[in-house]
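Biologist: I would like to learn how to read a model like this one. Where do we begin?

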Amino acid sequence: MRISLPVVLFLAIASCGPVRGAATFSVPDSSLPDPLVFIAYGDIRFTKSSETAASSPGVRQAMIAKIAAENPAAIFINGDLPWHGIADDYAVYSRETRAWRAAHLRVYPALGNHEFSACTEPICLDRWWDAFPELRGRRWYSVAIGAKVVGMALDSDASLLPGSEQRI
């Protein structure tokens, strides 16, 4: 199996036993469907529909609808949610994922390099946090999906070297 960089940036870990340690966010088992379904998706690149080289609007919209129909316990997005970190691309995300919000789906995004494209870091981060206000002030985090699944969203633009803030 070939693993691309975006897959490594977001890591969902299933365990056989109880989740140990405190996650940043948690979803109780009582709030989860049976069977447990979650979606991992990356490099969506929300942007204007005229941009077809970097993103495929028709395929993207079909995937969004299919994900909503699956009614997953969680959607993990492993980076590159917008094509660029511009307001217009986040507006497309907001518009195209209305069904997710209407269904109260849980979306857990990770920061990728495209979130930092075409804007300065503070502005890019503000736009991401405006799209995901529950994450404000966080560039990485973890989420416990019930007692047996933990997801970690890592920031591909922050250091993971020993002693770095993200690594700690």
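Modeller: With exposure: buried means under 20% relative accessible area, exposed over 50%, and partly exposed in between (1.4 Å probe, protein chains only). Asp126, at 38% relative accessibility, therefore counts as partly exposed. This is a predicted model, in which local features need pLDDT of at least 70, side-chain atom pairs count only at pLDDT 80 or more, and totals for chains, interfaces and linings use all residues. Residues are numbered from 1 along each chain as its sequence is written, and side-chain values use heavy atoms, with hydrogens and water left out.

Biologist: What average pLDDT does the protein chain have, and where is confidence lowest?

Modeller: pLDDT is the predictor's confidence in each residue, from 0 to 100. The protein chain averages 89, and 88% of the residues score at least 70. Confidence is lowest in helix H1 (residues 5–9), with a mean of 36, and highest in helix H3 (residues 87–96), at 98; helices (H or I, at least four residues) and strands (E, at least two) are DSSP runs, numbered from the N terminus. Over residues 1–13 the pLDDT is below 50. Where pLDDT is low, the predicted coordinates should not be read in detail.

Biologist: Which residues of H3 are buried?

Modeller: Asp89, Tyr90, Val92, Tyr93 and Glu96. Down the axis of H3 these buried residues fall within an arc of 150° (taken from the directions from the helix axis to the C-beta atoms), so they line one face of the helix. They pack against H2, helix H4 (98–102), strand E5 (107–109) and helix H5 (121–131).

Biologist: How many salt bridges does the count come to?

Modeller: A salt bridge is a side-chain nitrogen of Lys or Arg within 4 Å of a carboxyl oxygen of Asp or Glu. The count comes to seven. In one of them, Arg60 pairs with Glu96, their closest N and O atoms being 2.7 Å apart. Arg60 lies in helix H2 and Glu96 in helix H3, so the pair ties together parts 36 residues apart in sequence. Arg60 is buried, at 1% relative accessible area. Asp126 and Arg136 also meet in a salt bridge (3.5 Å, N to O).

Biologist: Which residues are linked with Arg139 in a network of salt bridges?

Modeller: Glu121 and Asp155. The closest N and O atoms of Arg139 and Asp155 are 2.5 Å apart.

Biologist: Which side chain of opposite charge is nearest to Glu51?

Modeller: Lys and Arg count as positive and Asp and Glu as negative; His and the chain ends are not counted. For Glu51, which is buried yet has no salt bridge, the nearest is Lys48, 6.1 Å away.

Conventions
Contact = heavy atoms within 4.5 Å.
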